[in-house]
Amino acid sequence: MREIVFDTETTGFEPDDGHRIVEIGCVELVDHFPTGRTFQAYLNPERPVPIESQRVHGLSDEFLRTSLCSALVAEEFLTFIAMRRW
């Protein structure tokens, strides 16, 4: 069985307030064991990152400013989670 375990970091908890994902990390497992395939990307949230969030994940506005926007990362992320190796 193939599983994708993923984690995200965000600018905050309320999408209705404009909070966005700033990092995605994924690990592929087959039969509960890591395969060695991973995906990681930083995303430019195109909004300021509150200092409270920066204290949690350490990702600053300055660092994220040069990252890709989510629309450009989405295709690569979807390809990773859709890929079948067997």
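**Strands, loops and a pocket in a predicted model**

Alanine 41 counts as buried because its relative accessibility is 11%, where buried means under 20% relative accessible area, exposed over 50%, and partly exposed in between (1.4 Å probe, protein chains only). The structure is a predicted model, in which local features need pLDDT of at least 70 and side-chain atom pairs count only at pLDDT 80 or more, while totals for chains, interfaces and linings use all residues. Residues are numbered from 1 along each chain as its sequence is written, and side-chain values use heavy atoms, with hydrogens and water left out.

Alanine 41 belongs to strand E3; helices (H or I, at least four residues) and strands (E, at least two) are DSSP runs, numbered from the N terminus. Leaving aside neighbours within four places in sequence, alanine 41 is in contact (heavy atoms within 4.5 Å) with Val22, Glu23, Ile24 and Val73. Glutamate 23 is 18 residues away from alanine 41 along the chain, yet their C-alpha atoms are separated by 5.7 Å.

With that residue placed, the overall layout can be described. The protein chain holds 3 helices and 3 strands, and from the N terminus on the elements run β-β-β-α-α-α. Of its 86 residues, 29% count as buried. The C-alpha atoms fill a box of roughly 40 × 25 × 25 Å, taken along the principal axes. Among contacts between residues at least 6 apart in sequence, 51% join residues at least 24 apart.

The strands come next. Two strands are taken to pair if DSSP finds at least two bridges between them. Strand E1 (2-10) pairs with strand E2 (residues 21-30) in the antiparallel sense over 9 bridges, and here phenylalanine 6 stands opposite cysteine 26 in E2. E2 in turn pairs with strand E3 (residues 33-42), again in the antiparallel sense, over 7 bridges. In this second pairing, valine 30 stands opposite phenylalanine 33 in E3. As a general point, side chains in a regular strand alternate between the two faces of the sheet.

The turn joining E2 and E3 deserves a look of its own. This hairpin has 2 residues between the strands, and aspartate 31 takes a positive phi near 55°. Histidine 32 lies in the loop between E2 and E3, and its phi is near 75°, a positive value in a residue other than glycine. At 56% relative accessibility, histidine 32 counts as exposed.

Glutamate 46 counts as exposed, since its relative accessibility is 57%. Asparagine 44 lies in the loop between E3 and H1, and a polar atom of its side chain lies 2.8 Å from the backbone nitrogen of glutamate 46. Such a polar contact is a pair of N or O atoms within 3.5 Å; within protein, one must be able to donate a hydrogen and the other to accept it, and residues adjacent in sequence count only if both atoms are side-chain atoms. Not counting residues up to four places away in sequence, asparagine 44 touches Leu64, Arg65, Ser67, Leu68 and Cys69.

In helix H1 sits glutamine 54, whose side chain reaches the backbone oxygen of valine 49 at 2.8 Å. Beyond neighbours within four places in sequence, the contacts of glutamine 54 are Val49, Leu59, Ser60 and Asp61.

Finally, the largest pocket has a volume of about 160 Å³. The elements that give two or more residues to its lining are strand E1 (2-10) and helix H1 (51-57), and the largest share, 4 residues, comes from H1. On a 1 Å grid over the protein atoms alone, a pocket is an open set of points where a 1.4 Å probe fits, with protein on both sides within 12 Å along at least five of seven lines, and lining residues have an atom within 4 Å of a point. Grid points are joined across faces, edges and corners, and a volume is the space filled by probe spheres set on the points. The lining residues divide into 3 nonpolar, 6 polar and 2 charged, where Ala, Val, Leu, Ile, Met, Phe, Trp, Tyr, Cys and Pro count as nonpolar, Asp, Glu, Lys and Arg as charged, and the others, Gly among them, as polar. One of the lining residues is Phe13. Phenylalanine 13 is placed in the loop between E1 and E2 and counts as exposed at 79% relative accessibility.
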